[in-house]
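This text goes through the model shown below, one part after another.

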Amino acid sequence: MLDGRGSVKRRAGARLWLSAGWLAVLVLAALLAPWITPKDPLAQDLFLGRLPPFWETGAEPGYYLGTDSLGRDVLSRILYGARLALIVALVAGSITCLLGAGLGLLAGFLRGWVDVLISRFIDIWMAFPPVLFSILLIAVIGPGLGSIILAIVIIDWTRFARVVRAEAMAQGAMDYVASARVAGRGRLGIMLREILPNVLPTIVVLLTLEMGIAVIVEAILSFVNLSISTDDPTWGGMIAEGRAAVYQAWWVLVFPLITLFLTVLSFSQLGEGLKDRFDPVLR
Amino acid sequence: MSYLEIDRLSVRLRGGGPLLRQVSLTVAAGEVRGLVGESGAGKSMIGKAVLGILPRSTEITAGRIVLDGVDLLTLPPAERRRRIGATCALIPQDPLTALNPSRRIGPQITDRLVDILGWPRVRAEARARELLAEVYIPDPERVMRSYPHELSGGMRQRILIASAFAAEPKLIVADEPTTALDVTVQKQILKLIKEMQERHGTALLFVTHDLGVVSKVCQSLSVLYAGLVVEDCAVRDFFRAPGHAYSAALLAATPKYTDAVASLTPVPDTVIAAVRAEVAAADRRMSHG
Amino acid sequence: MADLYDVRGLRLSLADMTRKPLFGAAPRLEILKGLDFTIPQGAVMGIVGGSGSGKSTLGRVLVRLLEPSGGSVRFDGVDITHLDEAALRPLRRRFQMIFQDPMSSLNPRHRVGTLIAEPLKLHGFDDVAGRVARALDHVGLPAGFAARYPHELSGGQRQRVGIARAIALEPDFILADEIVSGLDVSSQAQVLNLLEGLVRELGLTLAFISHDLSVIRRLCSRVMVLHHGVIVEDRATADLFDSPQAAYTRELLDAIPLPDPDQVWA
């Protein structure tokens, strides 16, 4: 028709580029940390303790964001901390996604006893207090990277399973599924070729959200000292240390906090941005 | 003296192309005017513009909507809403979504009377019972206490009609009011709308894509293509001899069960090309002032 | 001529979950209440009725998207009433379906070319690309449309893709479920003319479900009128329109508003 609907273009996603940009910087920083960090993140020098960031009086050259009470360089520690944060985000996010989305897809599409089994299991699982559960888990198997990832998967797989199940159920009722059956496609084929591509945008949004959550959970666990060994720099650990001296050296608390905030925000915006950009139905 | 006069109304999508192109039409008191056209022709848009419920993504760029001698578009928003609320009503297309599923029928009819016209609740309820009886709903008392899901589609459409007439509006916009209904129910509902409209002397703007429905309900009609009124005429004249090639093509493409094997003639490409040229010419006129 | 479909005592009931008691089974809701009919080879069978008449359910039984709870359905001599999905698969190519709402029956994530090619690949056709091109050509769409997504098409074009997808498999039978009810009159006329041409040219047997008797008359050689899950009339089109026997058929005909201000419509 000659009305104006076709001429409206979707705004190119500023939030997609901003969030993807920040995360790209972070990934580069994590990969190249040994070569680009100005100082050794573990090197202590009590004479250089609590140096302010570069623009304040009393700053030392080379310590751009100041030092903590043990004289360790804050910028270097943030860069090294990005390594752990990103590993946890990617690994824990992906495993949670695969497990939860897989079960949700099966339950929502196959229905019947598979659905009953998976749904009841989800209900029972969600009745456990998850944070307590994961703290208990780490207390039993001991702190470490694997334990953090396991804890996140255990807490959050149900979120994927429930959302994806509902979405798969809605898509399963559409005529294109009936149409594929008329064409003679089997159940597995329908699930993977017809349903999955339509549930994928939802999964992507959930996945990026989950990566953000994983970063926060890792920070929380570090904050309460249940993360990996306390020597390795983590954002949560830095925040915990910074809190003790916030009146004397605010920068030890504030810079890791800002980094954490921007990272989590970027993950959630990345998901929404990707959905806007690459969904052929919305486009 | 016409009750509603739309004068060279243009609406466009914000940041996009035109949806209505200098639409002019009038509806006299007690007249039924049909708005016909294919999907995307802008027929619903006209009703929405009159009722002040255009989507936020659209804007009125020019023209006047004169209701009872007052140009609505020059009024401050609050005053415009008050005036429309007191004199106009809508019969919506989908009886399933037009009623709030979690509220009983009674209050959904009386709310308007109490909130907008300031009637006492007792009087509003008496009026609602009276109206439900008028649209042939058996046992109005029980229906007023019912929830929408307990009633059939035809019943719900009757309730929406009763509700539209509740405040004695001077103008009603009916937006495809029978499209979602079975043909046998459609007949009852159309007859009811017509009967109510005649008894109350209401002006009616009747949006539909069905020329059969137009021939039963309307006295005059406007045929739209791409937001442009290509023909404005009396219904009798239209069916005797359509005044525009596009209208004639539309009529020829409408199947009739009384024609044995008459082959359907789709709207010819030449007619589409001609009417598109008219649209383009209208756009040039608009851009030159 | 031989009968392509032979349906005897067809019943179908569904569990009525809205009336399910807290414990125990939900009561059964009878949708189809014992239907007997045949569809001869090469016929264009109109199936008409109001909402809740069971016409769409009947259609979905014919292409075995639903399994009957009683009676029998024979397709070209084969009893398909209770065949499981694996046994149906080789037969599926032979009975195809075009859906009411092409927006929901064409997967929005796939391009038109893929949508038509996938069923061909499943059934092991050769020269898939050539067949896709010919199918598009058959329904009057340019070959370039293969690269488009369904949402980039108009309603009429989408419905043509649905038709192309069905005829590409060279089926014996096509079920068309309210395929023009969402279209404007001009695209409706085009799709109906197209369908009529294809039926003649390809020798198809067609079941055409519609609520609109005007459209049925235009296309069908035989009409079946359904009312509350029962066949009230099943006759040749001309006979049915000239002298409707069932009271419900007359009621349906009388209710249609003709585009004619002189029609008596009491």
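Predicted model: local features only at pLDDT ≥ 70, side-chain atom pairs only at ≥ 80, totals over all residues.

In chain B, Arg12(B) stands opposite Glu59(B), a residue of strand 4 of that chain. Arg12(B) and Glu59(B) face each other where strand 1 (residues 2-13) and strand 4 (residues 58-67) of chain B are joined by eight bridges and run antiparallel. Another pair across these strands is Asp7(B), whose bridge partner in strand 4 of chain B is Arg64(B).

Strand 1 of chain B also pairs with strand 2 of chain B, in the antiparallel sense, over seven bridges. Here Ser2(B) stands opposite Ala28(B) of strand 2. Strand 1 and strand 2 of chain B form a hairpin, with four residues between the two strands. Gly15(B) lies in the turn and has a positive phi of about 70°.

What is the strand order of the sheet in chain B? The order is 2-1-4-5, in an open sheet of four strands with antiparallel pairing. Strand 2 (18-28) and strand 5 (70-71) of chain B are at the edges and have a single partner strand each, so one side of each has no neighbour in the sheet. In general, the strands of a sheet pair through backbone hydrogen bonds, in either a parallel or an antiparallel way. Helix 1 (residues 43-51) of chain B lies across strand 1, strand 2 and strand 4 of chain B, and runs at about 110° to strand 1.

Chain B also touches chain C. The contact takes 28 residues from chain B and 27 residues from chain C. On the chain B side, at least two residues each come from helix 7 (183-200), helix 8 (211-217), helix 9 (235-240) and helix 10 (245-253). Which helix of chain B gives the most to this side? That is helix 8 of chain B, with five residues. By class, the chain B side has 13 nonpolar, nine polar and six charged residues.

Chain C has an open sheet of six strands, in the order 6-7-8-3-9-10 and with mixed pairing. Its edge strands are strand 6 (95-98) and strand 10 (230-236) of chain C, each of which pairs on one side only. On average, neighbouring strands of this sheet are turned by 15° against each other, direction ignored. At one end of the strand order, strand 9 (residues 222-227) of chain C is joined to strand 10 of chain C by six bridges, and the two run antiparallel. Arg222(C) has Ala236(C) of strand 10 as its bridge partner. Helix 6 (residues 155-168) of chain C lies across strand 6 and strand 7 (173-177) of chain C, and runs at about 175° to strand 6.

Chain A is built from helices: there are nine of them and zero strands. Along its principal axes, the C-alpha trace of chain A spans about 75 × 60 × 30 Å. Chain A has 283 residues, of which 44% count as buried. Of the contacts in chain A with a separation of 6 or more, 71% are between residues 24 or more positions apart.

Two helix pairs of chain A share helix 9 (residues 250-278). The axes of helix 1 (residues 14-36) and helix 9 of chain A come within 8 Å and cross at roughly 130°. Helix 1 and helix 9 of chain A are therefore oblique to each other, and their crossing is left-handed. Residues of helix 1 of chain A in this contact include Leu16(A), Trp22(A) and Leu26(A), and among those of helix 9 are Leu262(A), Leu270(A) and Leu274(A). The contact of helix 1 with helix 9 of chain A has eight nonpolar, five polar and three charged residues.

The second pair is helix 8 (residues 235-244) and helix 9 of chain A, whose axes come within 8 Å and cross at roughly 150°. That makes helix 8 of chain A roughly antiparallel to helix 9 of chain A, because angles over 145 degrees count as such. The crossing of helix 8 and helix 9 of chain A is left-handed. Helix 8 of chain A brings Trp235(A), Met238(A) and Ile239(A), among others, to the contact, and helix 9 brings residues including Val252(A), Pro256(A) and Leu260(A). By class, there are eight nonpolar, two polar and two charged residues in the contact of helix 8 with helix 9 of chain A.

Technical notes:
Residues numbered from 1 in each chain as written. Chains lettered and ligands numbered in written order. Contact = placed C-beta atoms within 7 Å. Nonpolar A, V, L, I, M, F, W, Y, C, P; charged D, E, K, R; others polar. Pairing = 2+ DSSP bridges. Axes fitted to C-alpha atoms, helices over the stretch in contact; angles between N-to-C directions. Buried ≥ 20, exposed ≤ 12 C-beta atoms within 10 Å, placed from the backbone. Parallel < 35°, antiparallel > 145°, perpendicular 65-115°, else oblique. Left-handed = near helix turned anticlockwise from the far one by under 90°.
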